[in-house]
Amino acid sequence: MKKINIISIVTLIMVLMWTSCSEDFLEPKPLSFYAPENTFVNEDGLNAALVACLRNARHEFYGDGNPMITENIFSDVAVEGTTDKSGPAMDLPAQILPDANLNSTNYNRIGWYWQEGFYRIKYANTVISRIDVAEWDSEADRNNILGKAYFHRARVYYRLTQQFGDVPLLLEEVTAPKLDFYTCTRESILKKMKKDMEFAAQWVKTEADGVPIGDINKAACNHLLTKINLALHEYDDAIASASAVIDDGYHHLMTERFGIDKDDPEKNVTWDLHQVPNKSIAENRERIYLLTSREELTEDGASERISMMRQNVPFWPKNIKTPNGNNGMSDKPLGSKVSGKEVEIDMVTTYGRGIGRCRQTPYSHTGNWDDPNDYRHAPGNWMNMEDMVYNNPDLKNKNDDYYGKNLQLYNDAGGILCTDTIRSWFGWPHYKLYVADPTDNTPDGGNGDWYCYRLAETYLLRAEAYFWNGESQKAADDLNAVRTRANAAPYSADQINLGTILDERARELYYEEPRKTEITRMAFMLAESGKPCYNGKTYSMSNFSENNFWYDRVMEKNSFYRENVVAPHYTYRAAPWIALWPIPASAINSNTMGVINQNKGYPGEENYREPVYWQDGEGEGIIVDPNATE
């Protein structure tokens, strides 16, 4: 496998020191004594900054309490499952406030998206601002690097504008302290990002041309451009940019068995697609943008553990009793001893030791599955709690005849046998989340690659563009390309709407897509267009914070928020204004010479100032301040 080329130890140290930064993006500091004028003078030097972008992007998925949990629990597919402490985000209107702790692995990672997003913008802007300071062998080499920098900046701004709405727009390198940021309109930011990504899609090299796995390629640029085109209601352009990937002659959906288990008749192509060793092999042509991590260090230090099982698998070692009232489960590996008895049924090595943080909703683990033949929910790929068995060796000491038998939630009298069903009793996609970790006796996810963009999503994005464009049969065709690959029956054209598209995305892209981002994007599109939704409602931007599709979708599908389920420390609640997250108070308060608006519904919204906006023109365009006086 070809990897990203090593730059130099000194350059990487410089990049790492550059990323050790202040508590707030509004307090930028000059770069370290590894002077930019000495480092960013050629392709390798500028690429070092983009390696920092790649590393930053990977952190969304890797490590304990990774930020992707937050994207999921602010949606229809999951809730925060940590029930043994106060702090995790459950009562959203009470807990999600501008001055709350918004960047904690134990609470939520809203602040991570804000802070790390602007750090990644900083790295990209350094490359963009210095692109013509460097020496180049060709225009193609220059524009490839510039296009990759545009990608990283545009990907952050696409996410920020769906997470927070209007945010500051930074288009140049910041080399001195700056305290006069102003909020810029979401729409104009997206227009600027579209322009940049059209350039990137033209110039960034393809994987077929030798772009290393894990780096940015032309297909990734077109995939991101498709999302931006959708957000701007540019449906024909979205169809064109998605088609540029689908029809590029290199990528295709994986419909035949491949990889390490291809000869195992008990498995299927869905299993093959998500096995860690298969994600980076040349045979896999569905991969578009892969986040990479290896046990051996890669050039950017990417040996992080992905911990997917820890976040997403139920906390099954605890809280589960047999019908006889004994503790039923053990998370000890084969050969270990419990109460003098050796472990004979090793489930921790097979399924991992979860703590149930990203707790799937009943909609996600059960209600959304409408075809019993769907590989993605089939036995062996998908795990339900009833598929596990009581494996605690101590049950043999107690002559408990349920040892080795399948779990059950209720005893014969109807009594519940799990003392915490929020955290310890739900289904999960084993085929996707299992990442082996042979170094850990209670594995929760080792080194492994993770899909960031995959062709299945490109098909679903084009299906959505066709739907918005009134081409229902073409929308059905694209959605069914993904659906039938998983052995599920196709939908007819009259079944296609935003609901069925979101349902299919949930089935195919769980923990790959940023779910909250995508639902909020659709909420904006409905409010801006005034088009009727499948739920019979129409929406408007005039009252977006009080009435929007994000909230209605969450309340429709997420029974925890809809039914105000009571947990030990909180009651699950949501609210319409949380369609947009609060701007961290620290960012607003430290911006003493400018104005960053707070979103409606949160303390500080009363200090609103008309946002600036980006306006296209010659060169890079200009930022217009409607509040300025001549």
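**Exercises on burial and packing in a predicted model**

Ser188 counts as buried because its relative accessibility is 5%, where buried means under 20% relative accessible area with a 1.4 Å probe and protein chains only. The model is predicted, so local features need pLDDT of at least 70 and side-chain atom pairs pLDDT 80 or more, whereas totals for chains, interfaces and linings use all residues. Residues are numbered from 1 along each chain as its sequence is written, and side-chain values use heavy atoms, without hydrogens and water.

**Exercise 1.** Locate Ser188 and identify its contacts.

*Solution.* Ser188 lies in helix H8, residues 186-203; helices are DSSP runs (H or I, at least four residues) numbered from the N terminus. Next, set aside neighbours within four places in sequence: Ser188 then contacts Tyr613 and Trp614 (contact: heavy atoms within 4.5 Å).

**Exercise 2.** Describe the largest nonpolar core.

*Solution.* A nonpolar core is a set of buried Ala, Val, Leu, Ile, Met, Phe, Trp, Tyr and Cys residues joined through side-chain atoms within 4.5 Å. The largest has 147 residues, and Tyr157, Tyr289 and Met388 have the most contacts inside it. Helix H19 (residues 455-468) gives the most to this core, with nine residues. Beyond four places in sequence, Tyr157 touches residues including Phe118, Ile189 and Met193.

Terms used
Helices (H or I, at least four residues) and strands (E, at least two) are DSSP runs, numbered from the N terminus. Buried means under 20% relative accessible area, exposed over 50%, partly exposed in between (1.4 Å probe, protein chains only).
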